[in-house]
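Please read the following briefing beside the sequence and the coordinates.

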Amino acid sequence: MTPLDTSATGVGASLPRLDAREKVTGRAQYIADMVRPGMLHAAIHASPHAHARIRGYDTAEAQAVPGVACVLTGDDFPDGRMGAFIKDEPAIAKGKVRYPGEPVAVVAAEDEETARRAAALIRVDYEDLPVAATPEEAVAPDAPLIHEGLADYFKVFPAICGGNVASETELSEGDVDAAWADCDVIVEGDFETPAQAHLSIEPVGALAEVDAEGRVTLWSANQSVFRVQANVCEALQLPMSKLRCLTPKVGAGFGNKMEPHVQPLVVQLALKTGRPVKLILNRTEDFETVRARHPFKIRCKTGAKKDGTLVARELSAVLDCGAYGDDSPGVLGYSLLMSRGPYRIPHCRASGKLVYTNRMRFGAFRGFGNPQVTFATESQIDEIAGRLGMDPLDLRMKNRMQPGDRWFGGGEVASNGLAECIEKAKAAAGWARGRALPAPPGKRRALGVAACAHISGLLATGAIVRLLEDGSVVLNTGAVDIGQGSDTVLTQMCASALKVPADRVAIASPDTDGSPYNWGTTASRVTYTTGRSVVAAAGKVAEQIKRHASEIFECAVEDLELRDGGRVGIKGVPDKELSFFEVSGRAHWAAGGPIVGTDTWVYNQPSVDPKRALARGLPFPQIGVYSFGCMIAAVEIDETTGKADVVEVWSAMDVGKAINPGSVEGQIEGGFVQGMGFALTEEMVFDGPRLANPSMMDYKAPTSLDAPFDIHSIIVEAAEPGGPFGAKGIGEIGLVPVPAAIANAVASAIGTRLRRLPLTPERVLDGMLEDGDED
Amino acid sequence: MEFVRPDSIEATVAALQADGAACLAGGATLVAMMNADLVAPHRLVSLRDVAALREAARQPDGTVVVGAMRRHRETAEETDLRDGQLVLSEAAAQIANPPVRNMGTIGGSCAFADPAADYPPALLAADARFSLIGAEGRRTVPAGDFFLDWYETALEPGELIESVVLPPAPARTVGSYTKLARVAGDFAIASVALVLGMDGRACIHLAVAVGACGPAPVRRRDVEADLIGGGLGDTEIRRLTDALAEAFDPVDDVRASADYRRRVAPRMVRQALVEAQQRISETP
């Protein structure tokens with residue numbers, strides 16, 4: 001093996017995505033591309049009602065359509081229920097429907113058109129029930145009960161629930177009620193954020209196949225083959241050993257593909273027909289039935305002393321849960337944990353309520369509740385600065401968490417790059433030139449800033465690193481690359497840990513049969529948690545390589561080192577070395593056995609210290625490590641129409657260590673643009689319980705034509721002690737400060753504070769004409 | 001569904017005389033609607049091979065005839081359009097996005113008659129006429145009589161848009177098209193098409209049409225006529241915007257509220273007229 005320059009492909013190199021060529025040339029296989037011999041196509045019969053009892057089904061007409069193989073209703077599914085936090089959701093509606101679009105029956109047929117035609121012929125006898133379309137309606141005294149069995153559902157945390165309230169959470173430190181008296185300035189306001197659609201370019205889909213032994217293989221668009229396995233097995237009451245979950249390429253996931261969608265439906269159809277069955281949702285179905293970002297209503301109050309020292313914060317939030325719990329209790333708890341922001345505020349209380357409604361379920365979405373609360377809290381930091389006549393960035397610097405400070409609740413923070421993020425963003429944006437910028441005639445321009453933090457972590461992960469006979473490497477982690485590039489990043493880490501070029505490391509596709517458990521590609525966690533396992537497992541391979549070399553060279557293991565290009569040699573003796581080929585050959589054929597390194601772990605640092613904080617109904621005891629960020633946006637307002645456009649952005653994010661700087665920049669840019677959509681144009685509009693704009697024509701996310709040309713990604717590296725090469729996550733944090741920074745710029749430009757997203761031309765124009773309450 | 005591909009206008013008209021026949025021009029709208037199960041024509045009559053529909057030509061008097069199959073991109077870059085006629089190319093340049101502009105046609109867009117589309121106000125401001133052909137022969141319909149209601153035009157069943165005819169614009173007029181949309185490429189929340197001519201401080205040509213503020217583009221020729229010959233200051237513009245606003249009949253939709261459209265469209269008209277006067281005064 002010729003020695004190669006490993007530094008060009010290892011940690012710190014902007015290695016192009018391993019799958020870039022296959023994706024650009026259209027050869028990558030996504031779930032919709034997959035075909036199995038004898039495969040049937042499925043279609044859903046969806047509920048037209050928001051809330052109704054199912055009295056009976058008539059499927060005769062659908063069954064009679066030539067080409068139809070199978071029609072299943074709720075009567076044909078087991079009674080299992082799934083749910084990440086509260087097991088409240090059947091695979092298909094049983095007994096009643098709880099939101100418009102909920103699957104009520106499924107058809108498998110020889111082709112998709114036949115399946116869809118037959119699905120439309122299914123007759124369901126419904127008895128309409130009163131509807132609770134909003135949290136306000138759902139907590140009214142005479143509200144219909146959406147989950148009669150809530151008290152009896154299995155819950156993975158001590159949920160405080162009852163009526164239509166799925167979960168209540170509270171977290172507090174200090175003495176908030178007394179602290180207001182110490183404040184010289186107090187700002188208070190109601191903030192509102194809309195439902196945002198994930199809008200993955202790939203709608204969800206799944207394909208299941210049963211083997212001769214009755215065991216099922218399931219491919220699907222997903223963020224975790226292991227969550228797919230758990231959810232399907234819970235819903236269909238199957239032993240996990242009877243279901244193998246695999247993944248094709250995934251066309252983006254922002255939380256929408258983490259928990260179940262249509263997977264249980266195709267598994268049940270495959271089990272009933274004995275044939276492979278594929279179901280791909282069209283765009284409208286994907287909009288109406290998968291999940292979306294929670295609408296939040298937030299009341300927030302913040303107080304400070306005259307010199308700008310922050311004293312107290314109180315925040316309460318009401319989240320629309322939608323019809324099923326899904327990830328919602330987690331989103332509520334996490335948003336409250338983020339409500340202090342990255343500041344020293346000694347007295348804080350955050351509380352929230354998650355309310356079931358007859359709308360589609362809401363769930364995980366990049367940021368996990370943090371962008372919503374950050375919109376409120378970072379707006380108020382600017383309001384306080386305005387009231388005190390202070391520079392908003394100075395106020396943030398003054399109150400920022402210092403190294404060693406603990407997070408709200410008492411969790412340890414081992415690395416904190418916030419000061420560097422603020423300073424670098426400030427310098428790059430030219431903050432010193434003043435917040436009001438020169439603008440063309442008929443326009444106004446201003447800068448706005450927001451700081452934030454986010455976690456990377458949560459739950460279990462693992463890695464298996466194997467040395468092949470020729471000394472090259474196979475890495476297997478079970479982590480799904482959803483398009484964000486984790487396969488590339490994990491490969492780079494493995495390559496660097498073993499000092500081999502990246503092209504000598506193959507990465508296995510996730511497989512619940514063969515991969516170590518990985519909770520999922522979510523919570524900005526793969527680089528940090530899985531990377532840590534990769535480094536540990538590769539370290540175990542390196543140890544074994546050295547042990548072989550020490551036996552061959554008859555020297556101490558401590559005297560050996562790995563050398564670039566896949567070699568092991570005696571320190572200080574350049575010509576005493578062996579290639580991995582030689583070592584692995586010996587291991588395979590002569591002594592010791594093939595070399596395998598494995599590592600598994602579960603994140604276990606407590607997020608709450610009971611001596612510091614009071615917590616009720618918190619859904620996760622152990623959350624993760626902290627990243628920090630600061631973003632400045634230059635926003636232009638059209639004085640005629642009120643339309644706001646972002647013209648330039650500086651986003652400084654602390655990632656611990658950029659394993660692949662090009663990928664980190666991609667995440668910062670992508671997070672920014674998705675956050676800009678949330679801030680300015682994206683809104684799922686509901687007509688009562690029903691989504692009114694389930695199409696890309698009516699729901700508008702920004703495209704490359706709307707994104708500012710200059711998005712300056714500034715990478716800050718405050719190394720995380722336990723992180724792989726010091727790295728922590730970047731998947732979500734880039735989005736978190738965006739709505740707040742844009743809203744702060746808009747407030748600066750028009751003189752009015754807007755507290756409701758999106759900042760549509762209409763709202764901005766109203767604010768500009770009112771030209772009012774901003775200090 | 002039957003698919004036919006005639007190669008002449010006569011054969012096309014013949015093919016359209018069947019129940020459930022629909023013209024397939026660029027497909028930008030029709031195919032999307034078929035995919036969404038909103039329409040299901042029995043016969044698709046492709047216009048692709050009808051060469052005569054693809055031409056645009058300028059006549060000696062300055063009249064420009066734009067064939068129904070001209071793509072938006074071609075119209076956006078049309079060198080035969082001059083002076084005030086440029087309102088049409090400005091509108092074409094702002095339709096959707098490059099792939100749609102490469103597919104979509106002026107005939108297809110106008111026949112669909114989405115009130116938030118870009119051509120209807122531009123054609124109304126340009127005093128354009130539609131040349132229609134059917135089993136009974138040809139007829140000409142002015143743009144103001146063509147766009148009738150929500151997605152409804154003067155086209156009779158079995159009739160085809162052959163071309164759109166723009167009369168010569170008076171020399172030294174300017175045309176402009178301003179569009180407000182949520183994101184680049186979206187349909188308009190409101191849009192303003194205008195053709196303006198000034199002689200010193202006197203207004204000698206004035207045509208202002210507002211899109212997306214009702215079932216059809218709105219124009220107030222009566223007030224325009226009153227303003228010809230005089231100045232075009234705040235008071236005069238106010239007279240026009242007030243009159244236009246009276247004629248608006250907007251709805252609430254996912255793009256914006258009716259109330260906002262009522263308020264923003266007059267502001268856009270004012271801004272567009274101020275900018276157009278500035279452009280004229282800066283032109284030597």
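Of the 284 residues in chain B, 47% are buried, in what is a predicted model. The radius of gyration of chain B is 19 Å, which agrees with the value near 19 Å that a compact globule with 284 residues would have.

**Overall form of chain B**

- Taken along the principal axes, the C-alpha atoms of chain B fill a box of roughly 60 × 45 × 35 Å.
- Chain B contains 11 helices and 14 strands, and among its contacts with a separation of 6 or more, 64% are between residues 24 or more positions apart.

**Strand β10 of chain B and its partners**

- Strand β10 (residues 160-166) of chain B is largely enclosed by the rest of the structure, because seven of its seven residues are buried.
- Strand β5 (residues 64-67) of chain B pairs with β10(B) in the antiparallel sense over four bridges, and within this part of the chain V65(B) has V165(B) in β10(B) as its bridge partner.
- Strand β6 (residues 129-134) of chain B also runs antiparallel to β10(B), to which it is joined by five bridges, and I133(B) stands opposite L160(B) in β10(B).

**Contact between chains A and B**

- Chain B contributes 15 residues to the contact and chain A contributes 17 residues, with helix α11 (residues 258-282) of chain B giving the most to the chain B side, namely five residues.
- By class, the side of chain B that touches chain A consists of eight nonpolar, four polar and three charged residues.

**Domains of chain A**

- Chain A is divided into domain 1 (6-28 + 459-602), domain 2 (34-129 + 204-280) and domain 3 (292-388 + 401-458 + 608-770).
- The C-alpha centres of domain 2 and domain 3 of chain A lie 36 Å apart, and 17 residues of domain 2 of chain A are in contact with 18 residues of domain 3 of chain A.
- The side of domain 2 of chain A that touches domain 3 of chain A has, by class, eight nonpolar, four polar and five charged residues.

**Nonpolar core**

- The largest nonpolar core has 339 residues, and those with the most contacts inside it are A42(A), V107(A), V266(A), C494(A), I742(A), V746(A) and L194(B).
- Once its neighbours within four places in sequence are left aside, V746(A) is in contact with G448(A), V635(A), I637(A), A644(A), L754(A), L759(A) and V764(A).

Conventions:
Residues are numbered from 1 along each chain as its sequence is written. Chains are lettered from A and ligands numbered from 1 in the order in which they are written. This is a predicted model: local features need pLDDT of at least 70, side-chain atom pairs count only at pLDDT 80 or more; totals for chains, interfaces and linings use all residues. A nonpolar core is a set of buried Ala, Val, Leu, Ile, Met, Phe, Trp, Tyr and Cys residues joined through C-beta atoms within 7 Å. A residue is buried if 20 or more other C-beta atoms lie within 10 Å of its own, exposed if 12 or fewer, and partly exposed in between; C-beta atoms are placed from the backbone. Two residues are in contact if their C-beta atoms, placed from the backbone, lie within 7 Å. Domain bounds come from an automatic or database domain assignment. Ala, Val, Leu, Ile, Met, Phe, Trp, Tyr, Cys and Pro count as nonpolar, Asp, Glu, Lys and Arg as charged, and the others, Gly among them, as polar. Helices (H or I, at least four residues) and strands (E, at least two) are DSSP runs, numbered from the N terminus. The radius of gyration is taken over C-alpha atoms; the globule rule is 2.2 Å times the number of residues to the power 0.38. Two strands pair if DSSP finds at least two bridges between them.
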